[in-house]
Amino acid sequence: MSELPVGTVTFLFSDVEGSTRLLRRLGPDYHSVLEEHRRLVRDCIVNNGGHEMATEGDSFFVAFGRASDAVRAAVDAQVVLSRHPWPPDAEVRVRIGIHTGEAALVGGDYVGLAVHQAQRISAAAHGGQILLSSSSKQLAGELPETVSMIDLGAHALKDFPTPEHLFQIKHPDLPGSFPPVSTAELGRHNLPVQITRFIGRESEIEQVVQMVRQNRIVTLTGPGGCGKTRLAIEAVSELVEEYRDGVWIVNLASVTDADVIYRETASALGMSTREEAGLRDTLQGFLRSKQILIVLDNCEHLLEGCRDLAAWLIELSPEITVLATTREALNIGGEAAWRVPSLSIPDSDSNLSAEEVLEFESVSLFIDRARLALPSFDLNDSDAPHVAEICRRLDGIPLGIELAAARINLLSPREIAERLNDRFRLLTGGSKKAIARQQTLQALIDWSYDLLTDQERTLLARLGVFMNGFSLSAAERVGSGGSIASDEVLQLLSQLVQKSLVVADRRGERSRYSLLETIRQYAGGKLVASGEALDVRDLHLQWSVELAESEHLGLWGASDQSSLQILDEEHDNLRSAHDWAVEQEDASSALRLASALARYWWIRGDLREGLERLETSLALPSDPLAVERVKALGGAGLLCTWLADVEKASTYCLETVKLCRELKSTDLELTLILALGDLSHISLQRREFARAQAYVDEGLQQSDANHKLLGPRSRFLMIDAALADERGDHQAALQFIEEGWSDARASGLKVSLVRYASRLGDFAWKDDDHLKALSHVQEALTAARESADATATVHILNQLAWMLHLLGRDREALPFAEEALTVSERIFGFRDPALLHSLGSIQTRLGFLRNASATFAEAIADPDSSDSHFGALSPMPEERVTDTLIQAVMVGIAAISALDGDPLSAARLYGAAEGLGEKTDWEQEDPIYLASYQAAVDSARAQADTVEFESVWREGKSMARDEAIRFALATLSPKAGELS
């Protein structure tokens, strides 16, 4: 077949009239009739040089290089179909439409209005009829003697404002008389033809349609570029048939004088506007008896005039409805205002494939518009994250996305995403047919900005300093000053919300406000231009420090969940403020802010970021005896403790305690208590029990005397319980845990409650009350997840997985073990060997031996780092952690060897595990585990000669640790690749 025609192309659409009725009548026989129809029509297309573009159901879409070929194909098809011997009651009647026009070939498909117009002409025809447009008639040239044309006159086609002159093909073998063509009456609307596809927003269209049906005046609001006009046009096009006198759009975008609004309305309705005198009366007489929908588009710069016009229209007649698009509501009685949402965007932490991101409307729009600029563009998995980032950072605003997509012929998606920090230079060059302010993102926002008062402009610029939103109190603190009094901020903020430049979120207990990222960057530019940037950023920093210090105390008391929520909301602001303090070398502010956030970072699992910020602050030039510096040392000690960097943690905490005692400042009372808590934990790890007890006793004394916060006291009770456990005083340990549990429950201190519930689970397990143990641990997990307590969550997930494993409920245990590993990797930055051991044990029991082999191999691949990994989750002393963990992994690998029919390797590994256990002086006391272990050993022993088994066991027991590890890895190597 020859190449597809380009440039001026003639399109033919056809389908079977009444195909649904035919299907009902014929049932299973319909398929053969349909296939015969396709064969006959396809032969006529091919014989006349047509290119079949698509066949769907009973329809054809065909392209021809010449209009005369399309006419001949249509006539041949109708003649062949009319002569064909169809089954009784199964006559196939096909309607055909032909139109010639310009169309672009994009990725093998035609794009252009001519395609849609040909389809509309086909839809207007009746079965057996051929309709063609005036352009096709003119280009068809001289037709065969048997073919002639009947002039049917001008007809309105759906979605096309200009009537189309239609002609009917006449042939002696075809019917010559048909009912009137199926087109709408002329003069039902003046909606503009859209040259690009409308993407998504099906639910929004339905929402607008329902609002218009239920209200006399509807206003669509939203920032510039969010798609208000396009959404309005798509919605009202669904309503044309519901209004006897049609739907009419009054485009006010280029109108600058409110005095001419009535004239523009009259002009849109097709009325003569040459006589200004009496125009309003004439308009009133014209509209009084009309059932009509009037769309006032782009009202924001003519707000007063549009408000007057809309109110006048709905009072004029009960059958007039008004839909307005504007940045802010008209604020008239009976108005239903609705903010147009942005297109759906991928989450910030998503790593989706190309197929997955296409489910988001913003991405679909980007792809559609990118293909207009570069027809060969196709989204792949490597580009998908960058396109998702573009759509996300442009807030799902259609205009911004379209402007970004237009750059795809010059830049890759990654390059576009990287340049979005300078988006106002990047996103230029929109459609030249668009009004000037919509050709660049800068011009669009300039338009909105120029409509603001001086005070509104000043406040908007200052609000640009906030990251990811702000509260009213924050806006009052940072946004006031100079020409704006604090008590004026609320009203100005309300006006910016009404004008769609600030977004208000009232879903929570406290209202929260934000700027779309594009608006925020614009406001930031205006702030710099105003000369106020340094002062405003300093105010933002002061507010951030005070907020963090206030909520830091809340994290140690009964309001911990409220403080966590506030810090979650403001975390991006606090990060930005800390960056500014470091940039300005404001050591005092940087130290105060970072130290106040240390516990928050610990709870949320942002340990590495927190430590980096603390150490960056400590590196700034400052007074070594400054209170804020001592607090930062304590915060660094806390995070190092939980990152299991024991030496660094000890150094930080000892220095903190030393300075607190020297300075004797009341501002350091809590800092001293917290550092004593960290030192007690470190001493417990080192098995320095007397020293740990001394730190606990001093910490409790300081806490009871100087601080009434329950959080620090709760932590000391936990260490007291661990020390009692080490002494073998199980009852005393349980009493400490129950006391802490009771205090946490009574006070609502959820952070402590989570950890005590977990420990109660351990004690119930030791008492062989397994159901009670599971209940406590599940309660702890629920509370940890509700409060997003990441450091507790990872430990409790592993605890629950291991308990379920010991009870033989491995299928339930598996997802908890996998999640524990995932969370641990996120917050600690590694795949913890202890968690790998749990997962490998569960995989082994489930028979997933290949997976288990790989898991165990990973757990001991780097034994020298195992202590730092597991130390983050265990109070065990560091020198015991590594060997105890390796001992446990050896037992797991031995079980795999036995299951794989290699009992002697299993014996050597069991022996190696026993040897390590003697060196660490640690024994597994859990009876369920011991019974399972003994059963596995007995099973392996039964597979081999007893004497040889015992001999190999003794050899393994005498192996050095590193030798045993090498042997275990060598044993696992083939299994990881071969076992299933």
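Guide: What follows is a chat about some strands, helices, cores and loops of this predicted model.

Visitor: Let's start with strand β11. Where is it, and how many of its residues are buried?
Guide: Strand β11 covers residues 292-297. Six of its six residues are buried, so β11 is largely enclosed by the rest of the structure.

Visitor: Which residues point which way?
Guide: I292, I294 and L296 point one way from β11, while L293, V295 and D297 point the other way. Residues on both sides are buried.

Visitor: And which strands does β11 pair with?
Guide: Strand β10 (residues 247-251) runs parallel to β11, joined by five bridges. In that pairing, I249 has V295 as its bridge partner. β11 also pairs with strand β12 (residues 320-325), again in the parallel sense, over six bridges. There, L293 stands opposite T321.

Visitor: How does the chain get from β11 to β12?
Guide: The chain passes through helix α10 (residues 303-316), making a right-handed β-α-β crossover.

Visitor: Can we zoom in on a residue in that helix? What about L313?
Guide: Good pick! L313 sits in helix α10. L313 has a relative accessible area of 0%, so it counts as buried.

Visitor: What is L313 in contact with?
Guide: Leaving aside neighbours within four places in sequence, L313 is in contact with R216, L287, I294, I320 and V322. Another pair to look at is L313 and Q284: they are 29 residues apart along the chain, and their C-alpha atoms are separated by 8.6 Å.

Visitor: What does the D297 side chain make a polar contact with?
Guide: The partner is the side chain of T229, at 2.6 Å. Beyond neighbours within four places in sequence, the contacts of D297 include I249, V250, N251 and T325.

Visitor: Okay, new topic: what's going on around strand β6?
Guide: Strand β6 (residues 130-133) is covered on both faces. I130 and L132 are buried on one side, and L131 and S133 are buried on the other.

Visitor: Which strands is β6 joined to?
Guide: Three bridges join it to strand β4 (residues 94-106), and these two run parallel. I96 stands opposite I130 there. Three bridges also join β6 to strand β8 (residues 164-170), this time antiparallel. In that pairing, L132 stands opposite F167.

Visitor: Let's talk cores. How many residues are in the largest nonpolar core?
Guide: The largest nonpolar core has 180 residues, and those with the most contacts inside it are L460, L463, F470, V502 and Y910. Helix α35 (residues 790-806) gives the largest share of this core, 11 residues.

Visitor: What does F470 touch?
Guide: Setting aside neighbours within four places in sequence, its contacts include L463, L493, V502 and Y513.

Visitor: Last one: what about the loops?
Guide: Two residues are worth a look. D395 lies in the loop between α13 and α14, and N468 is in the loop between α18 and α19. Most residues other than glycine have a negative phi. D395, though, has a positive phi near 60 degrees, and N468 has a positive phi near 60 degrees too.

Visitor: Are they buried or exposed?
Guide: D395 counts as buried at 14% relative accessibility, whereas N468 is exposed, with a relative accessible area of 55%.

Notes. Residues numbered from 1 in each chain as written. Predicted model: local features only at pLDDT ≥ 70, side-chain atom pairs only at ≥ 80, totals over all residues. Heavy atoms only, no water. Helix = DSSP H or I, 4+ residues; strand = E, 2+ residues; numbered from the N terminus. Polar contact = N/O pair within 3.5 Å; in protein donor to acceptor, adjacent residues only side chain to side chain. Contact = heavy atoms within 4.5 Å. Buried < 20%, exposed > 50% of the residue type's maximum accessible area, 1.4 Å probe, protein only. Pairing = 2+ DSSP bridges. Right-handed = clockwise from strand over helix to strand, strands pointing away. Core = buried A, V, L, I, M, F, W, Y, C linked by side-chain atoms within 4.5 Å.
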